[in-house]
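Thanks for asking me to look this one over with you. Here are my notes, written so that you can follow along in the viewer.

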Amino acid sequence: MRRPPRTGPQTVTISCAGFNRAWAAWIGDRLERRGHHVVQQRWDPPGGTPLADLLAELLHAPGPVLLVLSERYFGARSRQEWNTALYEVAVPNADRFAAVSVTPSGLPEAAAVLGPAGLHDLSEPEAEQRVLEVLGLPAGSPGESGDGARHERPRFPAQVPQVWGGTPRRNPGFLGRDAILGEARRLLDHERRNVTLHGMPGVGKTQLAAEYAYRFGSAYDVVWWVSADDRTSARQRLAELAPALGLSTGAEYGERLRAVREALARGEPYARWLLILDGADEPDEVADLVPVGEGHVLITSRNPGWQGHGSALLEVPVYDRAESVAFVRRRAPRLTADEAGRLAEALEDLPLLLDQNAAWLQDAGMSVDEYLELLGAGPALTGTTVSADFPLTFRTALSILVNRLGESCPESVVLLRLCTFFAPGSVPVHLLREMSSDGLPDSVSGLLGDPQVWDRAIDQLRQYSVARLESHGASPATGHLYLHRMVHQAVRDDMPEEEREVFAAAVRRALAAADPRRPSDPDAWPRYAEIVPHLEYAGVLGSADPAVHPLLLNCLRHLYLSGEYGTGVRFAERALTARQDRPRGHAELLWDLGHHYANLLRACGDYEHSEAVSRTAVEEYAAAGGRRNLGYLRAAGGLAADLRALARYEEALGLSQEVVEGYEELLGAAEPRTLSAQNNVAVSLRLLGRYSEALDIDRRTLADRRRILGARDVWALFSAIYCATDLRLLGRYSEAAQLQEHNLALHREVLGPTHPQTLRAEHNHALCLYRGGDRERAGPLFARVLRRAERVLGDTDPLTLLLATSRSCFARDDGGLDEARLISESVGARYEQLLGPAHPYTAGARANHALVLRRLGAAGQARALAERSLADMTSAVGEGHPWTLGCTLNVAALRTADGDPDSGAALSRQTATRATDRLGGRHPLTLCARIALAADLGELRRHREAEQVEREALAALTAVLGARHPQTLAARNRARPYWDFEPQTT
């Protein structure tokens, strides 16, 4: 209806239900930008006041009154009551009232007298024009209000976010909670960008978060829902945001997660984003996944511990009594207000209980009095034990509901009980439908084998809010049901004992059938991430059924390969604990579990623990079958890896050699496991500084792998990295660079640019270039590969620490002293925390930092730190190890610079002699030691000897490295040489 035109600035009162607040905010903004004053009034009428009186009160508001109409505006009042009130108040005052409709649903007949303009299916300019028309306001051109910043103005509510994923379907029965929603919006907009809705189970935290997403979703470009009951599911869901944002990444979770966090932090491609973490009851498990940036994070949790992670807390209470009554009457219109109030009192105003029981009472023939009498019987009704976690009333009320469901639709109770052997929260019921029903008990096969029975069972659970169908799946057959934690525990606890194993076995069978059997394939990781949270609830961890043992081992392998080390350790520990009392016939499974457990512990950096696990396995295998069986050799190989990580290199070498001999005897020299064991012998030799011996083995292994597995095989590519590393450590930089450049190109083709092994190849190429004198090409490579590793692997991964060490050394020489200092301090601290103060990597990191301090002018600190590093390195690997020789070279320079040339010269001479014996007279470290000796002799005024030593060393450096190599040029300019510690892969 067109109103008579109004001229000049107007005061407009907008009356709107809280559910449609976004529309009121947008309309108000459009009016204020044209110079009008807006008064917002929330329409939330009390139940006992006549509607005509409430509408008449609106006439006391200033200016025209714009009603924002939707089914929520009309509430639980009957259409007849609305028709009467509108004719009585609105028709005589048609000049004061105007209306817009923001719903496709029908309106009361009398609303037609207001001439409401429908906005929900219009474009933003069209909707704005309609608002002005119904108010009789001139169109004109809008001005700017406030600071005019586009991102501060409300967005058009019908505008859909560019990216929307995982949010549960909007609950059409949602009621009230306007104050909490408003406060959450205020906190997120103006004070904090991270808000946690916390409260007891059943108060509606998830529903509240979903309502926030729908009510305010138009203000965001991205709305992404993450089920955060466990870390694995949360990581999977966050990783899925990468392709939704259009980010170019590989398939690895770590890479996708870090790409998502970086994109959200930068605000690219979208600055306005909302991330919802639902059910995040363990903050310490998932807090590190929460991104920072200009977007908003909304968390639901029973745990107020989120406050310790920088989140603002909003407690979600039970309904107040008026909300309870209104909610019950919406779900059960046949109940009177008095009956609804008595029911709410008995159910303690808990929203979950009100939702379930009001829906059931609406359909049941039972009166409220009869129901309350049943409820008053308490737990004696079912004989259940009441958990202290949940209200007594809840357990009793749910028991009544389940009993009635069993009478009307027994298949729904079968499905419900099956669901309780999955984890609470999101239940992948489609896994049940995907397996064969042959051989299952009749109650289960009847449910799974008949689509109509299945659909009816799901409909019953949904109708009474026992479970809800999530938006993840396209249909009840392919989707997920959401089962509240309270319902899950109560139903599982109340289940007859004889039925437990029947349902658990069926779920275990479904999980085993869903196993892709490809734990190393990133394309299969989403399926494993779906399976893993349910292993413990289905009893997989302790099951004696051999059919599920491969599933358990594959899941542990997946957790290791996908970087979920902490989750894997916990699962492995629980599985081992559950099987300690099993018959010895399960020894092989225990040993397999121990193998995966040790791998996971090693990946976490818990080397001492993994060494203990591996050693136990070695001893048990040896006792059971001797030292020439495949189980023993696999365990011994794992133990050798632990020993290498713990810097027990000689012991690791001996064990690795034993493993090679065993595999050669059992499998032959050309078998892949034999070649892997042979590779590990070379790793131990390299860590011992025996580079020539390592090169001989690595070349042999590379040739065999190329011949047997192919030149593009992952293990052949890995062997080529090691060969190039050996050549570089021997000072044969040109050969190393040539081999590694070709190897890097193959890595990029076969594995992609962000695979961890590609990062190793790129880092080794950068080192080959750097040591060969091509610093211009090496510098950008060091920076790029470190950034990618931090994104893909994290700051504390051993590979990241290795790359950071090289970046710090390069930055120190390239003038980036501040960067070098920050990185070397961080690397040293992380190595000490991971490996302890006496480990050679910790000593080496200190030696590198001493050189940074020297460049910064802190000579005293530098010498003290270098002396400590030399003592620790000597103790760790011996005085003849190349790492010790390098530390000695640095200490000699610092002693001479500190006014102690006699001691410096003695160390330089000792270093040159030992390096010659260990590495040969033409190795770059040997020649650097001789250049250093010449410098020290010059300080002692022994010029003739100094000149002779210098001349011979320069000639050798020129021959080995070339006349234009930076080291040669530095020696000619009499710049003091030094040595950088380089950690090696263990």
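This is a predicted model: local features need pLDDT of at least 70, side-chain atom pairs count only at pLDDT 80 or more; totals for chains, interfaces and linings use all residues.

1. Strand 1 (residues 11–16) and strand 2 (residues 37–42) run parallel and are joined by six bridges. One place to look is threonine 13, whose bridge partner in strand 2 is valine 39. Together with helix 1 (residues 21–32), these two strands make a right-handed β-α-β unit.

2. Next, find the open sheet of three strands, which has the order 12-14-13 and antiparallel pairing. Which strands form its edges? They are strand 12 (425–427) and strand 13 (468–469), each of which pairs on one side only. Strand 12 pairs with strand 14 (residues 481–483) over three bridges, in the antiparallel sense. In that pairing, glycine 425 stands opposite leucine 483 of strand 14.

3. Leaving out residues up to four places away in sequence, leucine 511 touches Phe422, Leu431, Ile531, His534, Ala538, Val540 and Leu551.

4. Where does the model have a cis peptide bond? One runs from glutamate 268 to proline 269, with omega near 5 degrees. Proline 269 sits in the loop between helix 10 (253–266) and strand 9 (273–278).

5. Arginine 517 is not a glycine, yet its phi is positive, at about 60 degrees. You will find arginine 517 in the loop between helix 22 (497–514) and helix 23 (525–531). Is arginine 517 buried or exposed? Arginine 517 counts as exposed because its relative accessibility is 56%, and the cut-off for exposed is over 50%.

6. Arginine 974 also has a positive phi, near 60 degrees, in a residue other than glycine. Arginine 974 lies in the segment after helix 44 (966–972). With a relative accessibility of 63%, arginine 974 counts as exposed.

Methods
Residues are numbered from 1 along each chain as its sequence is written. Side-chain values use heavy atoms; hydrogens and water are left out. Helices (H or I, at least four residues) and strands (E, at least two) are DSSP runs, numbered from the N terminus. Buried means under 20% relative accessible area, exposed over 50%, partly exposed in between (1.4 Å probe, protein chains only). Contact means heavy atoms within 4.5 Å. Two strands pair if DSSP finds at least two bridges between them. A crossover is right-handed if, with the strands pointing away from the viewer, the path from the first strand over the helix to the second runs clockwise.
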